[in-house]
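Welcome! Take a moment to look over the sequence and the model shown here, and then let us walk through them together.

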Amino acid sequence: MKNNEIRELATQDLVERLEGAVAQLHQMKLNHAITPLENPMQIRMVRKDIARMKTELRQRELNKK
């Protein structure tokens with residue numbers, strides 16, 4: 001997910017996507033521990049997406065005040 005796409009989302013949508021991405025990351029890690037993923041770089045990409053979403057939420061929180 002690109003930064004532009006993240007900025008365009010409403011805050012509630014962003015929170016929902018963040019929760020989904022965290023759940024997806026946990027599931028991917030579990031699956032990777034049992035049988036290696038075909039592309040383990042997916043874990044890194046999901047982790048970076050989570051970081052981007054958290055950063056955008058924090059920026060919105062700071063801009064409100």
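## A short tour of the model

P40 is found in the loop between helix 2 and helix 3, where helices are DSSP runs of H or I with at least four residues, strands are runs of E with at least two, and both are numbered from the N terminus. At 42% relative accessibility, P40 counts as partly exposed; buried means under 20% relative accessible area, exposed over 50%, and partly exposed in between, with a 1.4 Å probe and protein chains only. From C-alpha to C-alpha, P40 and L18 are 20 Å apart in space and 22 residues apart in sequence.

Before going further, please note that this is a predicted model, in which local features need pLDDT of at least 70, side-chain atom pairs count only at pLDDT 80 or more, and totals for chains, interfaces and linings use all residues. Residues are numbered from 1 along each chain as its sequence is written, and side-chain values use heavy atoms, leaving out hydrogens and water.

Now for the overall picture. The protein has three helices and zero strands, giving the pattern α-α-α along the sequence. Its radius of gyration is 14 Å, well over the 11 Å that the globule rule gives for 65 residues, so the protein is more spread out than a compact globule. That radius is taken over C-alpha atoms, and the rule is 2.2 Å times the number of residues to the power 0.38. Along the principal axes, the C-alpha trace spans about 45 × 15 × 15 Å. Of the 65 residues, 23% count as buried.

What makes up the largest nonpolar core? This core has 12 residues: I6, L9, L14, L18, A21, L25, M28, I43, V46, I50, M53 and L57. Helix 2 (11–34) and helix 3 (41–64) are the elements that give two or more residues to this core. Such a core is a set of buried Ala, Val, Leu, Ile, Met, Phe, Trp, Tyr and Cys residues joined through side-chain atoms within 4.5 Å.

E56 is found in helix 3 and is buried, with a relative accessible area of 12%.

| Residue | In contact with |
|---|---|
| V46 | A21, Q24, L25 and M28 |
| E56 | I6, R7 and L14 |

Note on methods:
Contact means heavy atoms within 4.5 Å. Lists of a residue's contacts leave out its neighbours within four places in sequence.
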